[in-house]
Structures are given as structure tokens and as C-alpha cells.
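Good morning, colleagues. Please have the sequence and the coordinates open before you.

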Amino acid sequence: MATVQDVEIRDSAARTAAAAEELQDVQGEKMVLNMGPSHPATHGVLRIVLELDGEVITKADPDVGYLHRGDEKIAENMTYTQFIPYTDRLDYLAPLANNVAYALAVEKLLGIHDKLPPRCQYVRVMCAELARISAHLLGLGAFAMDTGAVTVFLLTFTEREKIYNLAEAASGARLTTSYTRIGGLMRDVPPTWCDQVRQFLKEFAVALNEAETLLTRNRIWVDRLRDLGVVSKAMAIDYGLSGPNLRASGVDWDLRKNQPYLCYKDLDFDVALGSVGDCYDRYLVRMEEMKQSMRILEQCCNKIPGGAENKSHEPVSVQDGKITLPSKQKVLSSMEELIHQFMLVTEGVNCPPGETYFGHENPKGELGFYINSKGGGTPNRLKIRAPSFINLSILGELLPGCMISDVPVVLGSLDFVMGESDR
Amino acid sequence: MSALKSANQIKAKFGDLVAEPTEFRGEITLKIADAEKIFDVCAFAKSIGFDYLVDITSIDNYGSDPRWTVAYHLRAIGNGIEIRLKTNVSEEKSELPSVLPVWRTANWHEREIYDMMGIRFSGHPDLRRILMWEGYPYFPLRKDFPLAGKPSDLPGVAFTQISPMEGGPFVTVAGGNDSIAREPRVRIPETDSVEFNARIEARADNKEARGRAFGPGPIEKK
């Protein structure tokens, strides 16, 4: 027995119209994707909640704080000198620069930041510039690796190893350097240090050139970076970006030039500026900054007061018993030095009441310390202006409109470190 | 154009609202008498060139009134002039206008201050905790929050016990009568009898303060 079934076959235009009606809800639906906090491209513990329309990001909400250790609270409960090791752990890719920044901030409160011995200033500048190269190298290596270029990572890490050796020779530690003290340095650099720096510069110039040939005109690299994550000049200022990220947008602001501290006035270097403010510009600015740091280091090696071996015994610390520790020999033989040593160790450096802010041009941007003192050896409030924290706040505006595969590129180009962001 | 000139320009515009500029280590500070007017002052400061907000800081003046101080560090990128604006906020109010419409970088600064100190910013569109986790019950940067931490009974959140080092071995306070006051292992201000009670007695609103040592809590979600 045959049955007849009515089959309705509509033409394609009618079918599409019917399907569109049914799919309307599905098409408009957006997906929420959680990225991090332990994602290899987020360089630490950054979490981003992305809202996606297909592969295009429509909303991004960065979530920081996974590495929060309460450094500001800790600082209120110890003497100024005791906090120096904590600054190593802010931007742990450039601990030497953090040490210098913090010491200068406390010295500004004491009113001695422009009376530091010249040799101390030169050694500090060298430390800060070595730290800048080291931080930019890691940023560049990780940036390239996230984008698929693994070779650069190997090159930059070889060079970073040499900087660690230099830090070890100066301070005795590779990562947790704590090299500065309030009013000077922990100790002078060893006599062969300047030669080691020169040797490093020679080898580094070759490696940097090699990394540059691998990337700067690499078709894939340029295609992925250009016109991506564009930050205009006005937007960079409005969002308070600092360091290479600010300069890549064409804002001519470098604290080493605009508010010269230490001996930067006597040194000859240029400030690298971008024009578009995209990821490629941020990459180029960092490359140029490393070259300028090499120039600064070269000049410092030649001009350092006392020469490499410090035969004329130039001091590296302020000669004030109320600020820097006296020599051990004097502590054991003289009453006054013994008292100074005792007071400094138990009560800390006696700072005047008042408030100061000091911003230091760190590799990631402006690392600022706001110190509010009621007098005595501990701060009443110590606020750390962390450049990574502020640079990250732009993500919510920068990512929407990008593809998902662009996220590692934008993150790599902003070059942040979560230890500093979360404090 | 110097920082002092800019400060006087702001003072001329707002009159008695702004105190005479003070200078310390070459930094100019302006005190704003009424925290409610901070938005207007900031908007005017931006219009005369302070286009870059470096930082916003909160200070807990525990034991004196008004309890909070909020400091804004401004900079004019064009000529490098810097100035600091300060205003006080009482503990009862714990609120001041947001400057987010003036500088967008204020967004995370204000969220951080709310998270750490519990000062609220009216008009901020997204005032959530930023460094601590959502739902954390305390404001850790307040002076009456002990360094050793406090246990919190949130289920499923790690590290809710007080820290095992009891605040760390190196914690010292300069001054103090004896070595115990100078180097206490755990400082819990509520039970830290000598110093804490003296501070509480010194407060003008002493009776009210006893009941609300922790100030206003987190914003209730509606």
C-alpha cells in the first residue's frame, strides 16, 4: 500500500530567509573566553576575560592581583633600608633599576639625592642601563616566541645570562641584587668590572644585530605587528602610559632627559620615539633604547670617576654617619661610629617629616615612589607607582576589535611584569 | 611658567577652597578644603595644561580626623611641570567624586584605593576590587588591619589563615617606649592596648569610633 507524503521544497532564497529567522538568536550570541591566569602568553599571572564574536574580541576585562603580596603594607612596618630587598621583587626582570629608583626616592626625602658622590652616580647609571637591556631582552625574547620566532628567545637569553654575571660580580647576587643603600651603594664594583662590561657590550652588539636581522624586516613579524594595537598620542597620555609604550606613541617624554637625575645630564644619548603607536613601533623603540643604553654604558666605562680600579679611592656612599653605615673597623674602635651603627640598624635612617614623589625611568616605564613620612625610620605611607599596572589598564580599550591570535602580540608589545603590577 | 605659577592660577580660580601652596623638596602641594570639589579643580587643572595624571594615593591618618587623605600627582607633559593636589575625606563619608572623566588612567587608581583603603569614588562606573579577590571582607592597607593578616572564612579561597611568620621577623617600629613596643611580633591594633587606646582617646568622635573601627564595609550589591 502506497502512502503519499507531501514534501515541501522551497527555493534557496526562501530557505535562507527561514533559517535566518531561526538562527537569529544563535548569530547574535557572544562567547566568553577566559584567558589566564596561567597562560604562557600572559607572561605571569594575568587573567583576561574576553568576550568574543567569532574570532573577534568585542570586550576585554583584564583581571590583575594574582601576585599581590602587600608590598606597600609591608613597607609601612619596616625601616627604609629593610625595604630594599622587597624592591628586587617588583620588576624582577630589572632588580638593579628598582634598587636605584627606591634609593633615590628615599634620598629625595632626605634631601641628598643631588649630593651623591660622582662615582656612586655613575655606577648607579650603569646598573640602571644594564637592567634596561636585560629587561628589554627578556621582553623581546618572549614577545618573539609568542609570535612564533623561537630563535630570538635563545639569542636574548644568552645575552641576559652575561648581564646576570655582571650583577653577580657587582652585588654578589644574580637576581635579588639589593645593591643600593640609602645614600650610596652596598660596595664598590670590583676592579675588573668595567672591562667585563666592555666585553659584554662587544658581544652584545653582535647578538642584537643578529636579533634585528631576524625580526625587523621579517615579513611575518612585520605583518603581524604593524597597525595592530594602535595607541594615539592623546590616548597614551590620557591612560598615563609611560616608558617605551608612551614614547612609541610619539610623546617625547623620558625622565632621564626631562627631569635629569644622577649623572644623566653629562651623558650623551637620544630618546627613541615612535610615530604610529602600533605594536611594531613599540618593538622598534625598545630596540633603539637598547642601543642607546649601550652608548650610555660605553661613556660611563670611560668617564667613571676614579677609573675602573678606583685607585684614587673615590667614595661610593655619602659620608654621613647618620645616613650610611660606618666601616666595621671604625665601629669596633670608635664610640661615635658605634653609636651611629647602632642607631641606623635599630631605628633606621631618620627621615624628616614631609612627602615626596620620585619617578625613575625604569625599563617598563615610570617607577615612582611616593613617600609620606611623619619623621623617623619608617614611612607612614609608601605608594609604588607601578608602570606595568598602569600600562595594563589600557587593555580594555586596546583589545576590542582585535582577533584572538592578536592578543599575545599586543600583550608582548606592552611588555609588562606582574610582580610589579600587583606589588 | 613654573609649578608655583600654575598653583597660584588654580588658587586664583577657586579662592578660599584652595590653601596657599606649600613647597617641600621642590614639589608644590595644594590642599583642597572640600573633597566634593576635587572634580572641578582637576578639570580646571587639566584645562591649564596638566594633561597627565601620574598617580593617585590614599593615606590613612589613623587616630586623627578626618581619617583619609587622597593625593593626586599631576604633570603637564608639554613643559614638565608637576603639582600635587591633596584633599581630606572623613571616615563617616569615605566618598569623593571620581576624576575618571578627566583622565581615564584614574580608573584603575581609584579601584585600587577602594580595594586597599575602602574609600569610594562616586560616579565611577566600575568600582570593583582589583588586587584582592571579589568578596574579600577587609581593606588591607588601613592602619587598623594587622600586618599578619586576618583569617577569613570564605570557602574555597586559599591563604585565609593568618600568616605563619606572624608578620615577619624583621618588623620594627622606630620610636616607642620599650623594645616590645618597638618590635612587636604581631601587631593587632585592637588589642595593642597602650598605643591603640591612647590613639582612640585622642579622637574627637571617640564613642562613635569604637563601634566602627573598620569604617564602612564594601558596597552592597543591589
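I begin with the nonpolar core, by which I mean a set of buried Ala, Val, Leu, Ile, Met, Phe, Trp, Tyr and Cys residues joined through C-beta atoms within 7 Å. The largest such core holds 161 residues, and those that touch the most other members are A:L96, A:V106, A:M126, A:C127, A:F369 and B:I83. The greatest contribution to this core comes from helix α5 of chain A, residues 118–147, which gives 17 residues. Buried, here and below, refers to a residue with 20 or more other C-beta atoms within 10 Å of its own; 12 or fewer make it exposed, anything in between partly exposed, and the C-beta atoms are placed from the backbone.

A word on the source: this is a predicted model, in which local features need pLDDT of at least 70 and side-chain atom pairs count only at pLDDT 80 or more, whereas totals for chains, interfaces and linings use all residues. Residues are numbered from 1 along each chain as its sequence is written, and chains are lettered from A and ligands numbered from 1 in the order in which they are written.

Chain A has 18 helices and eight strands, while chain B has six helices and seven strands. These elements are DSSP runs numbered from the N terminus, helices being H or I of at least four residues and strands E of at least two. Along its sequence, chain B reads α-β-β-α-β-β-β-β-α-β-α-α-α. Of the 423 residues of chain A, 50% count as buried; for the 222 residues of chain B the figure is 34%. Along the principal axes, the C-alpha atoms of chain A fill a box of roughly 120 × 45 × 40 Å.

Contacts are counted where C-beta atoms, placed from the backbone, lie within 7 Å. Among contacts with a separation of 6 or more, residues 24 or more positions apart account for 70% in chain A and 49% in chain B.

I return to one of the core residues. Which residues does A:V106 contact, beyond its neighbours within four places in sequence? They are A:Y80, A:I182 and A:I371.

Helix α4 of chain A, residues 95–110, lies across β6 and β7 of that chain and runs at about 155 degrees to β6(A). Such angles run from 0 to 180 degrees between N-to-C directions, with axes fitted to C-alpha atoms, for helices over the stretch in contact. The strands concerned belong to an open, antiparallel sheet of three, in the order β6-β7-β8 of chain A. Its edge strands, each pairing on one side only, are β6 (354–362) and β8 (381–385) of chain A. On average, neighbouring strands of this sheet are turned by 10 degrees against each other, direction ignored. Pairing requires that DSSP find at least two bridges between two strands; β7(A), residues 365–373, has five bridges to β8(A). Within that pairing, A:Y370 stands opposite A:K383.

This brings me to the contact between the chains, which takes 40 residues from chain A and 30 residues from chain B. On the chain A side, β6(A) gives the most, with five residues. By class, that side has 10 nonpolar, 20 polar and 10 charged residues. In this scheme Ala, Val, Leu, Ile, Met, Phe, Trp, Tyr, Cys and Pro are nonpolar, Asp, Glu, Lys and Arg are charged, and the others, Gly among them, are polar.

Now back to α5(A). Its axis comes within 9 Å of that of helix α17 of chain A, residues 407–414, and the two cross at roughly 175 degrees. α5(A) is therefore roughly antiparallel to α17(A), a label for angles over 145 degrees; those under 35 are roughly parallel, 65 to 115 roughly perpendicular, and the rest oblique. A:A142, A:F143, A:D146 and A:T147 of α5(A) meet A:P408, A:V409, A:G412 and A:S413 of α17(A).

Is A:R119 buried or exposed? This residue counts as buried because it has 24 C-beta neighbours inside 10 Å. A:R119 and A:S317 are 198 residues apart in sequence, yet 8.7 Å apart in space, C-alpha to C-alpha.

I close with strand β1 of chain A, residues 31–35. Of its five residues the number buried is zero, so the strand lies largely in the open. Five bridges join β1(A) to the antiparallel strand β2(A), residues 47–53, and A:M35 stands opposite A:I48 there.

Conventions
Contact = placed C-beta atoms within 7 Å.
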